Amino acid sequence: MAERERDIQTCCISDTSCQFGLQSVWGTGNQLFLFPGKNPLLSNERRPATGKNEQIREVQWDIDLHHPVLRKMVNDSHNIFVNLQRQATQLTGAAFHTQILNSSRHYRATQKAYLKDLDDMIGSTRDEEQRQQYMEHLKLLNISELIWSLCEILFIESPVGGLVVPKLLDWLKLHFITAGRLFDDLMKEEQPESKTTYWDTIFRLVLQGQIEKACRLLSLHSARQTDDFQTLINLLKRMPQLSNVYKGSSVAEFDMKWRHWRDECQRNYEEQKFSINPNLETVVRILCGEDAVFSEVKDCCDPWYHMLISKALYQDPTVKACDLHYYIQGCQDAYRSTTRLGELDSILLSALESDVYQVIKDSRTVFSNGWFVAHLTDLLHHCGQLDSHRLQFGSDLQREFLLLEYAGSLMSHHSLWIVGVSYLDHCAEFGRKYLELYLDHIPLDSEKKANKILKICEDRNMTEQAKSICKVMGMRCIRNKRLGAALTWFLRSKDVGFATVLAEKYLLEYSESGEFTNLDLIDYLGPSMLLSNRLTFLGKYREFHKLYSEGEYHAAGDLLLALLQARLAPKQFWITLLIDALPLLEKTELIFSSQQTRELMKCLEELTTEYKLGKKRDGLGFTEARKDQLDVLKLALSRNLPKAILQEGTVNLL
Amino acid sequence: MADSIQSFVKFVSRKISKIKWQPSQKQTLECSDTFVTGSWDDEKNKICLWHLGMQESMERDEMDDALEPALKCEADHNGDVTGLEYVGSDVIVASSSTGSVALYKHHTSSQTMGIQYKWQCLHSHGNHLCPCTCLAVRDKTIVTAGEDGKMVVLSAEQKSPQRIIENADSSTINGLVFLRHTEVISVNSSGQLKTYDLRSSSDAPAQTLSVSGELTSLHSVDRHPGQPHIVATGSGDGVLGIWDLRQEKSPVSLLEAHNGPVWEVKFHKTNSDHLFTCSEDGAVWHWDSSLVGASHMVQTQITGTGAGSGGANFSVNPSFQFGGSETLNKWLSPDNSKMEINSLIDDNILPVNSVDIESQTLLCGTDSESIITIRLPSMR
């Protein structure tokens with residue numbers, strides 16, 4: 001959350017090849033790639049060759065969200081965010097509004113919890129630099145909480161009958177704790193009036209509407225029994241309480257009471273009842289809401305927005321949120337000479353002027369990490385505070401743009417990317433496209449991580465991305481000569497092409513070495529082998545070997561023939577298959593029937609003709625050894641045929 | 001259930017891949033109050049040791065505090081922590097995605113932790129290293145497996161590996177657990193469960209069992225504490241498998257559970273009728289089989305245990321009753337419909353990578369950079 005004007009981070013690149021200029025390309029999120037050279041002005045203008053090794057440099061900058069304490073906040077608020085989006089689909093009307101308010105309070109509680117954490121860390125760290133860093137975070141987090149809570153009152157909470165002052169007073173009490181602290185200190189004193197802070201504290205309490213405490217302090221004064229003190233205490237005690245409006249009495253009723261009470265204050269003041277004690281007179285002038293007195297006590301209600309609320313309290317306690325801006329100018333003028341208006345002031349100003357867009361716009365530059373604006377805008381969006389007609393792109397896109405920005409900074413983090421995914425899920429317009437691009441860039445360090453990213457893709461029906469992840473992992477396995485593992489990846493993505501390639505690799509290995517590898521996988525393929533014909537063939541062929549070695553010759557023979565007939569086998573593998581038939585033919589027991597033998601002969605014929613054609617065409621043919629084997633096979637087949645006919649005939653005759 | 005489930009979420013600024021209770025001391029009956037976590041997917045990963053307020057004799061209103069873990073000490077870890085186990089009471093072994101395995105010693109006097117020994121390059125493809133995926137420990141023997149399909153047997157007291165099973169598996173071994181002293185069970189990404197006898201001279205598995213049907217990967221495995229032939233596995237498609245190593249070639253039952261890979265399954269060490277699973281879908285489920293086969297009355301028959309995401313379907317605690325044989329172990333009962341299943345953390349969104357249970361306190365390590373401690377009501 002670096003404040004824009006203060007922190008301009010610099011990073012020196014000492015590389016002589018950059019003397020002619022430096023170019024840059026954006027990476028993902030907080031990342032920039034730099035390389036030497038300058039933008040050619042003309043298309044034919046070439047970069048001067050430096051003759052040196054030019055390097056591409058990756059520049060990354062940390063944002064405070066990556067700091068351990070704030071990372072906790074990222075994760076904590078992520079839950080709130082997702083829950084709110086869920087509620088948005090289920091609830092409507094008042095129930096949903098209550099939920100929005102709850103979420104807002106929850107976000108603030110999160111900020112407060114981590115403020116406390118930071119505070120503890122400032123207390124425990126010894127490293128001065130780190131302490132400074134923590135202080136900086138603390139300051140910004142404080143400001144963000146301050147703005148958030150004001151926005152909550154003005155835009156989300158929308159109090160009963162449009163009354164804002166009671167809420168604003170609570171806000172003052174929470175964020176301007178000096179009055180309360182001074183009060184506590186004074187209460188411990190034996191003679192509080194002797195302290196220089198005595199009257200200041202009373203002013204502060206009155207200005208914050210903490211009447212009860214002010215009365216208690218006044219009653220400790222040694223002159224408390226005098227008439228003027230008694231009158232004032234009496235007036236204070238009878239001040240109509242705004243909170244009663246919530247308890248059932250109407251605004252009009254309150255207004256009437258208030259006017260009566262203020263007339264009484266005014267009368268007492270005009271009757272010069274407090275002229276002996278100027279401090280008492282100041283208090284009563286505040287009660288009367290006299291314009292001039294606020295400038296006199298401006299040190300007690302610094303800064304301007306404090307004064308604004310104090311003024312509103314005594315001048316127009318039932319003011320509506322939209323009318324607060326009438327007070328702004330006067331209050332700011334009171335402080336103009338002493339302080340320059342900062343970024344915080346302008347955000348609060350916009351908030352009090354009900355200019356939601358300006359609040360968002362300014363906050364975005366102050367809190368550069370995107371956390372604040374993304375979440376606040378989301379809340380305001382759900383509240384219906386963002387009217388689409390006021391923005392060129394519509395309110396949805398305003399929210400979405402900020403969410404995308406926040407998600408982007410998360411996606412560029414080593415570990416927090418997984419949180420970013422959820423935020424992208426809730427960007428209806430561009431979220432998916434962004435996610436697809438980001439997912440492509442997450443390094444797949446381990447199978448486990450690949451599995452996790454795969455799950456993200458599968459949940460969102462991103463078949464292309466899922467397939468590409470499996471392909472990357474599978475190819476990696478192939479490179480590492482882990483064909484079994486590779487197959488599991490391709491089976492997972494149902495990648496027919498690569499499954500076929502692998503099956504062929506296995507078959508090649510077999511025909512080269514005469515032995516199968518990865519048997520533990522192939523033997524258990526089950527129905528998955530049906531993915532690709534080649535894989536089915538591999539599985540079945542392996543089954544044939546198993547049957548053969550188990551002595552199930554008939555079944556083995558049937559399977560072998562079936563493989564040939566179904567034409568699952570690649571042609572170049574037919575020879576191997578036919579030769580595999582040889583031992584079966586040579587058994588004393590008859591394995592192949594006459595019909596089957598004829599089929600085998602047909603296959604052999606087909607193969608030899610094809611090879612003959614092939615030989616004529618491109619000179620390829622069988623090796624001598626193969627020829628011999630085929631001759632033996634031919635012989636065996638022709639021997640088997642009469643044997644089979646004979647046996648079948650015998651059976652028939654019998 | 002008489003008392004409710006209480007939980008505490010502690011954010012720790014690192015994604016947790018493994019979480020493990022320190023084994024309770026055999027001499028004392030007291031439960032352990034220390035556990036260790038390992039992180040993953042960060043620039044700097046860490047092994048952290050945590051302290052949890054005493055498990056026993058806790059006042060109810062103090063419960064919330066008692067469930068908040070406090071950091072005792074931490075040590076840097078190179079690469080993702082892929083496996084984490086205790087070897088004895090103050091030595092921890094951790095496997096890494098860089099292919100190495102390291103022993104960490106917890107110095108109780110100074111409350112610090114440091115590397116005692118590191119086996120480098122245990123797993124590799126030729127020259128370049130590959131992740132070690134899991135490990136299992138029994139006494140001083142450590143077995144690790146990697147994406148290279150290798151299995152390595154180490155002794156905590158010996159620098160060189162005792163044995164390397166070069167081609168243990170064609171696919172990746174994702175989980176290991178000891179079956180007996182010299183036998184380990186492995187599960188792999190092609191849906192197989194194998195047992196290896198470490199004494200045997202052959203590298204081939206002693207037994208291979210497999211999930212039939214479509215190829216699915218198995219990610220986690222645990223063995224029943226009392227009857228080691230009963231094994232539970234968690235698969236890539238969210239199914240909990242129960243296996244009987246004595247007879248079957250395929251699982252006894254497959255229970256459709258989570259909506260994503262089941263990263264860990266864990267039997268309760270002393271109440272073995274209870275089992276816990278955690279998953280990529282962000283849920284942690286408590287499987288209670290104590291009522292299975294308890295009654296012979298058949299009340300309702302509902303076939304299948306299909307569950308939707310997040311365990312929503314089980315929030316009403318289905319209490320179906322089936323007849324069953326008392327002699328058969330509850331997990332092997334053919335009718336598992338009387339199983340009670342509870343989803344423990346409903347509001348969690350991101351994946352839960354690891355769970356461990358000791359007595360009544362369940363620990364979960366998640367990808368939302370948090371440790372969730374859950375206090376369960378007493379178990380039957």
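# Briefing on chains A and B

In chain B, strand S3(B) is joined to strand S4 (residues 45-51) by 5 bridges, and the two run antiparallel. Strands here are DSSP runs of E with at least two residues, helices are runs of H or I with at least four residues, and both are numbered from the N terminus. Two strands are said to pair if DSSP finds at least two bridges between them. This is a predicted model, in which local features need pLDDT of at least 70 and side-chain atom pairs count only at pLDDT 80 or more, while totals for chains, interfaces and linings use all residues. Residues are numbered from 1 along each chain as its sequence is written, chains are lettered from A and ligands numbered from 1 in the order in which they are written, and side-chain values use heavy atoms, with hydrogens and water left out.

- Buried means under 20% relative accessible area, exposed means over 50%, and partly exposed lies in between (1.4 Å probe, protein chains only).
- Both faces of S3(B) are covered, with Thr34(B), Val36(B) and Gly38(B) buried on one side and Phe35(B), Thr37(B) and Ser39(B) buried on the other.
- Val36(B) stands opposite Leu49(B) in S4(B).
- S3(B) and S4(B) form a hairpin with 5 residues between them, and Asp41(B) in the turn has a positive phi of about 65 degrees.
- S3(B) also pairs with strand S2 (residues 16-21) of chain B, in the antiparallel sense and over 5 bridges. In this pairing, Ile16(B) stands opposite Ser39(B).

**Two open sheets in chain B**

- Strands of a sheet pair through backbone hydrogen bonds, either parallel or antiparallel.
- One open sheet has 4 strands in the order S12-S13-S14-S15 (chain B), with antiparallel pairing. Strand S12 (132-138) and strand S15 (163-165) of chain B stand at its edges with a single partner strand each, so one side of each has no neighbour in the sheet. Neighbouring strands of this sheet are turned by 20 degrees against each other on average, direction ignored. Such angles are taken between lines fitted to C-alpha atoms (for helices over the stretch in contact) and run from 0 to 180 degrees between N-to-C directions.
- Within that sheet, strand S14 (residues 151-155) of chain B is joined to S15(B) by 3 bridges, and the two run antiparallel. Val153(B) has Arg163(B) in S15(B) as its bridge partner.
- Another open sheet of 4 strands has the order S16-S17-S18-S19 (chain B), and its pairing is antiparallel. Its edge strands are strand S16 (173-180) and strand S19 (207-210) of chain B, each of which pairs on one side only. Here, neighbouring strands are turned by 20 degrees against each other on average, direction ignored.
- In this sheet, S16(B) and strand S17 (residues 183-188) of chain B run antiparallel and are joined by 6 bridges. Leu176(B) stands opposite Ser186(B) in S17(B).

**Cysteines and one arginine**

- The count is 0 disulfides over all chains, where a disulfide is a pair of cysteine sulfur atoms within 2.5 Å.
- Cys134(B) is in no disulfide, and the nearest cysteine sulfur, that of Cys132(B), is 6.6 Å away. Cys134(B) counts as buried because its relative accessibility is 6%.
- The sulfur of Cys364(B) lies 7.3 Å from the closest cysteine sulfur, in Cys278(B), which is too far for a bond. Cys364(B) is buried, with a relative accessible area of 0%.
- Arg375(B) lies in strand S30 (residues 370-375) of chain B and counts as buried at 18% relative accessibility. Its C-alpha atom is 5.8 Å from that of Gln360(B), 15 residues apart along the chain.

**Chain A and its interface with chain B**

- The secondary structure of chain A comes to 30 helices and 3 strands, and 50% of its 654 residues count as buried.
- In chain A, 64% of the contacts with a separation of 6 or more are between residues 24 or more positions apart. Contact means heavy atoms within 4.5 Å.
- In the interface, 43 residues of chain B are in contact with 40 residues of chain A.
- The area buried between chain B and chain A is about 3700 Å², and carbon and sulfur atoms give 49% of it. Buried area is the accessible area (1.4 Å probe) that two parts lose on being put together, summed over both.
- Phe11(B), Ser170(B) and Ile349(B) supply 18% of the area that chain B buries against chain A, more than any other three residues.
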